[in-house]
Amino acid sequence: MGLILQILAAILVAIGLAIVVVKYLPLKLRWIASLLLLVITILLVSKIYNGIMEPIHFNEEKVKRYTKVVEKLKIIRKAEVRHYQVTGKYSKDKAGLIQFIDSAELALTEIRDTVIQVNKGSRWQPLMVAVEKRIKDTIGYEPVLKYFKDLDYKTMFQVPGIEGKEFELEIGTVEKVQGLVVPTFEAKTDKKSILEGLNPSLIKLELEANATDQIKGEFISVGSLNEVTSGGNWPPSYDKKSDKEDN
């Protein structure tokens with residue numbers, strides 16, 4: 001809105017100057033007016049160009065900063081998912097999660113179908129029936145660290161680009177259906193601090209973002225305390241084709 005007003009003001013000044021030149025300015029002094037009009041034109045074009053390019057530059061820098069944050073959140077998610085697979089729960093102990101990656105082992109299982117005989121009758125009049133049963137066997141163990149090869153998990157809780165700031169990490173539970181309570185986790189950080197140093201007006205608009213191709217709201221987050229999910233709130237454009245979700 002401010003840019004539009006500045007452009008309108010510049011146009012009005014140019015029109016006014018043109019009227020003065022035509023009606024009142026002597027012919028020998030009109031070169032001065034022409035020079036002023038040229039300066040105003042250059043300033044006007046510059047304002048229009050900057051007004052168009054600033055949101056573009058903002059978006060490019062925003063995506064660059066957000067991408068680094070999202071990559072950290074993906075590592076945190078991977079750590080929480082592996083912790084849940086091993087222990088049956090999530091953790092909000094940041095140092096403990098790093099230690100877990102360094103030392104824990106994940107059970108390797110094999111599922112096989114077998115047929116057993118089940119008595120469908122009574123103790124005195126047995127009626128043996130063949131029933132198919134699925135059995136899960138543990139066939140070995142592998143280090144959790146294997147899944148974090150080439151990932152900087154030691155610094156996964158540090159928000160990129162902001163010295164001394166860490167992701168918020170919380171755990172909770174959700175009653176998925178009556179009587180079934182499921183553990184949840186959420187890691188997040190605010191967008192405002194990530195965008196610090198950029199245009200304040202554009203930052204304000206970004207915090208109100210609600211489009212499907214944007215990160216909605218004031219935070220970048222993964223997981224949720226209110227629903228059962230390990231997904232992030234970023235759009236697919238922040239995910240590489242090679243990424244594989246942990247289930």
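## Contacts and burial along the chain

Of the contacts in the protein chain with a separation of 6 or more, 61% join residues 24 or more positions apart. Contact here means heavy atoms within 4.5 Å. This is a predicted model: local features need pLDDT of at least 70, side-chain atom pairs count only at pLDDT 80 or more, and totals for chains, interfaces and linings use all residues. Residues are numbered from 1 along each chain as its sequence is written, and side-chain values use heavy atoms, with hydrogens and water left out.

The protein chain has 247 residues, and buried ones make up 29% of them. Buried means under 20% relative accessible area, exposed means over 50%, and partly exposed is in between (1.4 Å probe, protein chains only).

## Helices and strands

The protein chain has five helices and five strands. Both are DSSP runs, numbered from the N terminus: helices are H or I with at least four residues, strands are E with at least two. From the N terminus on, the order is α-α-α-β-β-β-β-α-α-β.

## The three-stranded sheet

Three strands form an open sheet in the order β3-β4-β5, with antiparallel pairing. Two strands pair if DSSP finds at least two bridges between them. The edge strands are β3 (168-177) and β5, each pairing on one side only. From one strand to the next, the twist averages 30°. For such angles, axes are lines fitted to C-alpha atoms (for helices over the stretch in contact), and angles run from 0 to 180 degrees between N-to-C directions.

β3 and β4 pair over nine bridges in the antiparallel sense. T173 stands opposite P183 in β4. The hairpin of β3 and β4 has two residues between the strands, and G179 there takes a positive phi near 90°. β4 and β5 are also antiparallel, with five bridges. Here D190 stands opposite F219 in β5.

## The largest nonpolar core

A nonpolar core is a set of buried Ala, Val, Leu, Ile, Met, Phe, Trp, Tyr and Cys residues joined through side-chain atoms within 4.5 Å. The largest one holds 36 residues, and L73, I76, M156, I220 and W234 touch the most other members. At least two residues each come from α2 (30-87), α3 (94-103), β4 (180-190), α5 (200-207) and β5 (219-223). α2 gives the most, with eight residues.

What does W234 contact, leaving aside its neighbours within four places in sequence? Its partners are V70, L73, K74, R77, I215, I220, S221, V222 and D239.

E186 sits in strand β4. Not counting residues up to four places away in sequence, E186 touches E168, L169, E170, S221, V222, G223, S224 and L225.

E186 is buried yet has no salt bridge. A salt bridge is a side-chain nitrogen of Lys or Arg within 4 Å of a carboxyl oxygen of Asp or Glu. The nearest side chain of opposite charge is K188, 4.3 Å away. Lys and Arg count as positive, Asp and Glu as negative; His and the chain ends are not counted.

## Two exposed residues

D150 lies in the loop between β2 (128-143) and β3. D150 counts as exposed because its relative accessibility is 74%. D150 has a positive phi of about 70° although it is not a glycine. Most residues other than glycine have a negative phi.

S237 lies in the segment after β5. Why does S237 count as exposed? Its relative accessibility is 61%. S237 and D213 are 24 residues apart along the chain, and their C-alpha atoms are separated by 7.7 Å.
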